[in-house]
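Subject: Structure for you to look at

Hi,

Here is the structure we talked about. Please open it first, then read my notes below.

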Amino acid sequence: MASTALPTPEQPRTSAPVTETSREAAPPSVRAWVDEIAALTTPDRIVWCTGSEDERQRLLDEMVLAGTLIALDPALRPGSYLARSDPDDVARVEDRTFICSRTADEAGPTNNWVDPEQMRSRLRDVFAGSMRGRTMYVVPFSMGPIGSPLAKFGVQITDSPYVVVSMGVMTRMGTTALERITEAAGWVPAVHSVGAPLVEGAVDVPWPCNATKYISHFPETREIWSFGSAYGGNALLAKKAFALRIASVIARDEGWLAEHMLILKVTNPRGRVFHAVAAFPSACGKTNLAMLRPTIPGWTVETIGDDIAWLAEDADGRLRAINPEAGFFGVAPDTSRSTNETAIETLWGNTIFTNVALDDNNDVWWEGMTDTVPDHLLDWRGADWTPSSSTPAAHPNSRFTVAAAQCPSIADDWDDPRGVVIDAIIFGGRRATNVPLVVEARDWEHGVYLGATISSERTAAAEGTLGELRRDPFAMVPFCGYNMADYWAHWLAVGESLQARGTAPRIFQVNWFRKGENGRFLWPGFGENSRVLAWILDRVDGTASAVDSPLGLMPAPGALNLDGLSLTEGARESLFEVDRASWIAEVDSTELFLEGFGSRVPAQLTDQLGELRSRLLG
Ligand SMILES: Nc1nc2c(ncn2[C@@H]2O[C@H](COP(=O)(O)OP(=O)(O)OP(=O)(O)O)[C@@H](O)[C@H]2O)c(=O)[nH]1
Ligand SMILES: O=C([O-])CC(=O)C(=O)O
Ligand SMILES: [Mn+2]
């Protein structure tokens, strides 16, 4: 692979030099698009990223010089860095995220819709000259193992080196991807600018961004345009923007599924291997479940993906999943040896941390990382912090970016181009009340109803009021690129095909977050969630018994392994309690929610709602 010489700051800023080696590998449509975006955004230089180690190290070194990154002590955490974002650029901005389909109806009531022509003209205005004084990086990438029938290509243009380096961790990035992009295979164009042009003589800031933000998606032309933010899902466009919002539309058209799901591999004490996917809203436990260390003997859990799954029926009619990503962009706070030892071990080095605290040894710290709190830190803003400070040391949405291959529990088939056969689908959310620890859906339609009616308390992963209950069907509300009711219909259609072949995975709902009267979690969670996984997979295996309830099938007495677990008095009962009055209220509110989608709601879901109501009344 050719390694590209990045222009040094001494090079002339006016001639827009281009690194020809990589450009030559690009198909004409990619070159023409890069030229067009360069003409619009007028960067000083263009760099085609190769994905080489050399290139990565040079970008890291440049960012250290620019103050964007702080190098951590290499003896404590080799190859690792801390980035402090602008204090106003710390999470996904859902109210500035737009789905610009032809009509508002196609985007549906859960998306912000703007007429595509109107958005294009706004974007032309803000992107005009937006890269002045900066380098424009061309970042080709593959989502999914290169060569997998399920993989897709994209090219991101960005003026943020932080984004380039992060994309290098999160995707298969560089020349190897570019060389495989063909006009026939297609590729998704994604334009990103921090929106902070440097006029002559201006001094740059460590984290350039803009108060005005646009995270825009054009589903029909499969385009992404992101302006004003360098943070996570706003800026790493391969992730939520491509692999979920645009991919969900492609998946609808091509008959597969693009989901906000972790993928794990579980081996039971008898040696049978299962694969499961689970959809939980942002900051509700996907990364933790994907890296779970079982507390019950004989069970092994391995990691395949922690955030996104692409699922498609194979030639034998089985549902297979790939993890389209190559890294983890995980929540730091509360990650500790006792909650997620696997993550702690993954983060030994080669990690970029964003918005965590810096300790006096030049290493990172966040709330919940250790039992003892350091006496002194620099908080995520870089200000002195002591245990008596009134604000958290790490931002609640602070994150780590690290290669999946570095995870000690990564499964040997994690990057199998064929994907893995899925045995169980799990839906969950963060619910202090009502939702039991685990229920099994009666059938696929009931499972789709469970997914469609997820509600969850808001977390710090997106701007908004923490703790407020919101509907988040399939954990996809922020990520579905089209009308959510049509998405449900798509899930029903996929299920019909699988059911006809007898290969449909079973569907379950879980809730780790139910609280007792004292306001404490009833369930210890984390590694103990292996007990719930064991029941789920024993159900798939045909060896666990269940009892009927109005909400679905629940573990029969004794079927959920609670050996050696000291739950508080009455917790077992409370975890599975079905309070009929509050459930009837929940059904009423679900009915209103479904009505918001009008006549597009599939009849199967309104039927499910009716059946649930009569079971509750019966
Ligand atoms: N009580 C409890 N908390 C949990 C459990 N699993 C995860 N959490 C906490 O929930 C928060 C988010 O967990 P993650 O696993 O990072 O969530 P995620 O779904 O991967 O989040 P995104 O990466 O934003 O999509 C962390 O603070 C975890 O410590 C659990 O089983 N019980
Ligand atoms: O996209 C992001 O910024 C982080 C993330 O994984 C999520 O919010 O689900
Ligand atoms: Mn995660």
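Let me start with an annotation. An unreviewed UniProt entry lists Arg92, Tyr231, Gly232, Gly233, Ser282, Asn397, Ser398 and Arg399 under "binding site". Keep in mind that the model is predicted.

Take Gly232 and Gly233. Gly232 lies in helix 8, which covers residues 232-235. Gly233 lies in helix 8 as well. Are they buried or exposed? A residue counts as buried when 20 or more other C-beta atoms lie within 10 Å of its own. Gly232 has 23 such atoms within 10 Å, so it is buried. Gly233 has 26 within 10 Å, so it is buried too.

Now look at their contacts, leaving out residues up to four places away in sequence. Gly232 touches Arg92, Phe329 and Arg399. Gly233 is in contact with Arg92, Lys239 and Lys240.

A second annotated group

The unreviewed UniProt entry also puts Lys240, His260 and Asp307 under "binding site". They span 68 residues in sequence, yet no two of their C-alpha atoms are more than 9.4 Å apart, so the three gather at one spot.

Where does His260 sit? It is in the loop between strand 12 (257-259) and strand 13 (261-267). His260 has 26 C-beta neighbours inside 10 Å, so it counts as buried. Beyond four places in sequence, His260 touches Leu244, Ala279, Ile308, Ala475, Met476 and Phe479.

Asp307 is in a loop as well, between strand 15 (300-305) and strand 16 (309-313). Asp307 counts as buried, because 26 C-beta neighbours lie inside 10 Å. With neighbours up to four places away left aside, Asp307 is in contact with Leu262, Lys286 and Glu325.

The ligand

Lys286 leads us to ligand 1. How many residues surround ligand 1? There are 22, and the closest are Gly285, Lys286, Val331, Asp334 and Gly525. Two elements give two or more residues to this shell: helix 10 (286-290) and strand 18 (327-331). Helix 10 gives the most, with three residues. By class, the shell has ten nonpolar, eight polar and four charged residues.

The domains

Now step back to the whole protein. It is divided into domain 1 (20-69 + 92-254), domain 2 (258-327 + 412-617) and domain 3 (328-403). The centres of domain 1 and domain 2, taken over C-alpha atoms, are 32 Å apart. Where these two domains meet, 35 residues of domain 1 are in contact with 30 residues of domain 2.

Look at the domain 1 side of that contact. Strand 4 (97-99), helix 4 (104-107), helix 6 (161-170) and helix 9 (238-254) each supply at least two residues. Helix 9 has the largest share, with eleven residues. By class, this side has 16 nonpolar, ten polar and nine charged residues.

Best wishes

Note on methods
Residues numbered from 1 in each chain as written. Chains lettered and ligands numbered in written order. Predicted model: local features only at pLDDT ≥ 70, side-chain atom pairs only at ≥ 80, totals over all residues. UniProt positions renumbered as here; feature names shortened; annotations may be inferred. Helix = DSSP H or I, 4+ residues; strand = E, 2+ residues; numbered from the N terminus. Buried ≥ 20, exposed ≤ 12 C-beta atoms within 10 Å, placed from the backbone. Contact = placed C-beta atoms within 7 Å. Near = placed C-beta within 6 Å. Nonpolar A, V, L, I, M, F, W, Y, C, P; charged D, E, K, R; others polar. Domains from an automatic or database assignment.
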